[in-house]
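Subject: Handover of a structure

Dear colleague,

Please find below the structure that I am handing over to you. My notes on its sheets and on one helix pair follow it.

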Amino acid sequence: MILKRIYTSSKTYVALLILAIALLLFTAIMGNRQINLMETSAEIVEQTHQVKDGISQLFSHYFRLESPAFRNSLSQDSLSASPLDSFIAEGNRAWARLDTLTSKSASQQERLQRIEILQETLYTKLTSEKFSSNTSLTTGISEILFNIRAISEEMRNEENRLMQERKAIYTTRKTLAPILLLVLGAFALLVFGLSFLRIYKNKKRIQVSEAFLESVVQTTDNIINYYEPVYDSGRNICDFKIVFANKGNKDHLGLEPDEIIGKYISQVFPFLKLNGEFQEMVNCFINKKKINFDRQVSIDGRRMWFKSVITPHAKGLLVTARNATVEEQAKAEQSALKEQALEDNAKLQETESFLKNVLANTDNVISYFTPVYNKEKELSDFLMVFNNENIENVLQKDLNELENKLMSEVLPMHFENGVFDELKTCFQKNEKVRFEKEYEFEGSKFWFKTTAVKLNNGVLTTSTDTTLDKRSGFQLEKQNLQLLDNRAFLSNIFKSISHVVMHFTSIRNKDGKIIDFKIEFINEQISAVTGDIPAEVKHKKASEVYPSIFKTGVFEHLVAAVESGKPVEYEVPYKGNATTQWFRATAIKLGDGVTVTTRDITVEKEKSNRLTLLNEELKTQNSILTEAENVAKIGSYLWFLDTNEAQLSDNFFRILGEEPNSFDVTIEKVRNFVHPDDLELYDRIVSETTEKGKTEVDTYRIITKKGVAKYIYVKGQNLERDGRPVSVGVVQDITEQIEKTEHLRKRNVDLKRSNAELEAFNRVASHDLQEPLRKIQLFISRITESPTEKFPKRTLEYFNKIEQAANRMQSLIVNLLAYSRIDGSHEDFEKIDLMQVLEEVVDNLSSRIEETQAEIKAEKLPIVLGVSYQLEQLFSNLISNAIKYRATDVKPIITIQSEKVRQKEIADDFFKTANYYQKISLSDNGIGFSDEHAEKIFEVFQRLHGKGEYSGTGIGLAICKKIVENHHGHIYAFGKVGKGSTFVFYLPV
């Protein structure tokens with residue numbers, strides 16, 4: 001492939017060529033427009049002539065009255081129409097013609113209105129006067145003719161002026177048209193010629209650039225290939241064909257460009273289809289988005305890395321690949337060095353941590369001293385630079401007090417017992433020195449064995465306390481005797497206590513992780529629990545004797561005690577023979593093991609569980625009671641009748657507008673919250689409750705400290721509590737109920753008034769509104785029944801439209817009446833056989849069904865409770881709709897089905913009053929509708945089609961919805977444009 005196949009042409013000059021062609025088209029369009037303008041001007045001039053003719057015709061008609069002979073003819077009788085009537089009719093026609101001709105001229109229309117007024121006055125005077133050949137015009141008629149003449153002169157002058165303007169426009173357009181066409185054509189040819197010359201020169205430059213780019217592509221170190229897609233029978237890309245390949249393929253991959261051109265990439269580069277790159281290339285070509293690949297390729301046993309850039313073009317993909325093997329190898333080496341550095345650093349950190357642990361955990365005293373010289377440069381002292389924490393136990397001093405202090409200040413005895421001399425010898429001779437010295441601190445004697453070595457510019461000492469070794473000679477026997485006594489004492493304790501005591505030693509793997517325990521000791525109480533004999537299980541593994549500890553979490557507790565060194569307490573169940581016992585255990589670390597003391601807490605656990613359950617039930621009940629009080633706005637009280645003191649619940653305080661327990665409650669303090677107008681009622685409640693034990697007053701008002709008035713309902717009874725008379729009761733905030741009751745009463749009044757207005761509207765709509773319509777229809781029918789030749793064709797069309805509008809208005813009123821008369825009362829509900837209802841509806845619509853050849857398929861429909869005429873109207877409206885909106889190319893088929901469904905099976909959200917519903921669906925194969933209009937079609941006056949397409953008022957489906965809802969049901973619809981629609985409604989069983 002030559003590189004120019006993927007080279008993009010110069011868009012600038014192509015755009016200029018397109019512009020030249022566009023100018024030529026524009027020239028043709030402008031020429032046509034000029035011709036149209038000239039035709040328009042000619043038509044306007046022609047109209048001006050017609051207007052002038054109309055003016056002459058109209059005003060010559062008026063001025064004929066100046067002729068005595070004509071006036072005499074007006075007074076003569078005729079067997080046919082009266083001459084005066086003919087004269088008037090002729091004038092009306094001439095005026096109407098001129099009115100049509102001047103409809104677009106506001107000034108002429110204004111003059112015609114004046115003429116119309118003068119004309120009506122003239123005709124009135126003519127009908128009231130008699131004329132003869134000797135009769136002269138009256139003063140009134142002469143004055144009218146004079147005014148008409150003046151107006152006629154104005155209209156003629158106006159038309160003459162318009163004629164001059166329109167002729168001038170016509171002349172200008174006639175002259176301008178050829179000039180404009182010539183200029184635009186010449187300019188278009190000029191642009192076309194220049195563009196062609198520029199494109200030709202650009203083509204020469206492109207050929208030179210092509211040769212240069214071809215050389216660059218072939219000599220570049222990158223691999224550059226161009227692929228074109230290969231399609232399968234389904235027009236899906238199944239492969240790519242190599243149509244261009246540079247020499248980089250041979251340099252890096254050992255592939256001859258001429259040998260791979262024309263082959264598929266699945267043959268040359270099969271790895272592209274293995275790792276998902278092929279699909280990405282397909283997406284790149286389809287979506288026209290550039291993508292990048294970083295891939296590793298194995299060629300002749302060598303691993304090579306390539307960074308590829310794939311650029312989509314109109315007919316293929318341009319692939320540019322750069323060999324990044326050297327970069328990747330450098331990265332790998334750098335990564336290996338980095339990992340080695342991290343590993344070395346981790347080892348150093350591990351060593352540092354190890355040394356810190358040694359210093360922290362050793363029993364030795366470790367110190368580091370640096371020499372101090374006097375003026376004669378002789379070593380005279382040592383500075384204590386470092387000490388580990390163990391020195392605090394010896395000297396009873398804090399480390400901070402010893403740091404950077406002179407040995408002569410802190411340890412002056414070192415200069416007396418020879419320690420200073422030993423350290424001096426070690427430092428000066430660079431020899432390891434060992435010595436054991438006796439020290440006396442705070443009246444106690446200690447022995448320490450010390451090793452000193454020179455370290456950098458100082459001396460590092462490690463001292464071991466050997467005091468015990470010195471004293472152990474006479475104490476060892478005493479300790480052995482005491483140990484035997486203690487052992488006997490512990491043995492007696494273990495036999496007498498009821499606890500199970502066990503000791504385990506840790507069993508660790510190679511990594512030091514505890515994987516099991518060995519039983520070293522167990523007392524005899526274990527027999528009562530598990531039946532085991534201590535001597536038989538001793539020295540065995542815990543996993544052999546008690547494998548359940550690995551499932552119940554006990555093993556983890558024992559490990560935690562050993563590893564942390566802290567006591568661990570836990571509870572664990574043990575399932576024996578059909579019973580479950582609970583044990584509480586304490587695990588304490590001892591050496592590299594753990595001692596476990598276990599106590600039976602089964603009885604305590606049962607009691608605790610019962611107590612916890614009771615507490616939870618009590619909390620739940622209290623929570624429910626508190627929440628119930630909050631929700632129901634209820635409070636409670638305890639009133640001590642002998643002292644008038646009281647206790648109120650938290651919600652009673654809130655009802656009063658106070659925080660709980662915000663004041664000490666007495667009857668008098670509660671009285672301060674009572675509404676002034678209800679104080680007498682409150683006092684009556686207090687006195688009657690105290691004297692009679694009950695009261696008939698149960699409601700009064702209070703006012704909170706924020707000024708909010710509330711209605712309170714009180715109900716209580718008298719009891720005795722601890723020998724004292726008390727009244728216990730509840731109160732409830734019924735403000736909202738009273739307000740709702742008052743609101744409901746007002747709404748009932750408004751509803752009654754609305755119903756009365758609706759009845760009045762029904763009376764008006766049924767008689768007063770229809771009466772004018774009936775008269776309009778009557779008079780229109782009489783007019784249309786008269787001979788049609790008396791009326792112009794347009795007049796008959798107007799009469800037809802008036803009749804159609806009146807019919808639509810009457811249909812609208814009838815439907816509105818039907819809609820408004822569907823009420824929600826159910827007193828006249830009765831059992832209705834829907835099959836009989838359907839038969840009645842089909843009979844009523846038989847003519848329309850036969851006319852449209854509609855087919856109605858219906859299953860056996862159920863019996864429901866309802867209003868007969870409403871259900872008939874429901875089916876009639878739905879079937880009429882299906883017939884009206886039928887498809888023109890198929891036979892209308894209406895299918896009606898029913899089934900009984902449970903309430904829970906109905907997904908639609910509406911108020912359901914029954915457990916079962918009859919689901920009735922009515923489907924058709926008509927024009928259908930879009931589901932986005934599924935709710936809109938049930939609204940009043942909502943139509944999906946214009947009146948010119950389908951007749952109707954937009955109320956039919958709204959009536960259906962109201963009928964179904966009146967029967968406690970639900971209706972909805974769905975459809976598809978061109979496929980039909982389905983209406984589904986539910987009626988309770």
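For the angles below, those under 35 degrees count as roughly parallel, over 145 as roughly antiparallel, 65 to 115 as roughly perpendicular and the rest as oblique. Axes are lines fitted to C-alpha atoms, for helices over the stretch in contact, and angles run from 0 to 180 degrees between N-to-C directions. Helices (H or I, at least four residues) and strands (E, at least two) are DSSP runs, numbered from the N terminus.

The model is predicted, so local features need pLDDT of at least 70 and side-chain atom pairs count only at pLDDT 80 or more, while totals for chains, interfaces and linings use all residues. Residues are numbered from 1 along each chain as its sequence is written, and side-chain values use heavy atoms, with hydrogens and water left out.

The helix pair

Helix H28 (residues 834-844) packs against helix H30 (residues 868-884) at an angle of about 55°, and their axes are 9 Å apart. H28 and H30 are therefore oblique to each other. In contact (heavy atoms within 4.5 Å), Leu-834, Val-837, Leu-838, Glu-840 and Val-841 of H28 meet Leu-871, Glu-872, Phe-875, Ser-876 and Ile-879 of H30.

The sheet with S1 to S5

An open sheet is formed by 5 strands in the order S2-S1-S5-S4-S3, with antiparallel pairing; two strands pair if DSSP finds at least two bridges between them. Strand S2 (237-245) and strand S3 (291-299) are at the edges with a single partner strand each, so one side of each has no neighbour in the sheet. From one strand to the next, the twist averages 35°. Strand S1 (residues 223-231) is joined to S2 by 7 bridges, and Pro-229 stands opposite Phe-240 in S2. Helix H9 (residues 277-287) lies across S1, S2, S3, strand S4 (302-312) and strand S5 (317-323), and runs at about 80° to S2.

The sheet with S12 to S16

Another open sheet of 5 strands, also paired antiparallel, has the order S13-S12-S16-S15-S14. Its edges are strand S13 (514-522) and strand S14 (568-575); each has a single partner strand, so one side of each is left without a neighbour in the sheet. Strand S15 (residues 580-590) and strand S16 (residues 593-600) pair over 8 bridges in the antiparallel sense, and the bridge partner of Arg-584 is Arg-599 in S16.

Yours sincerely
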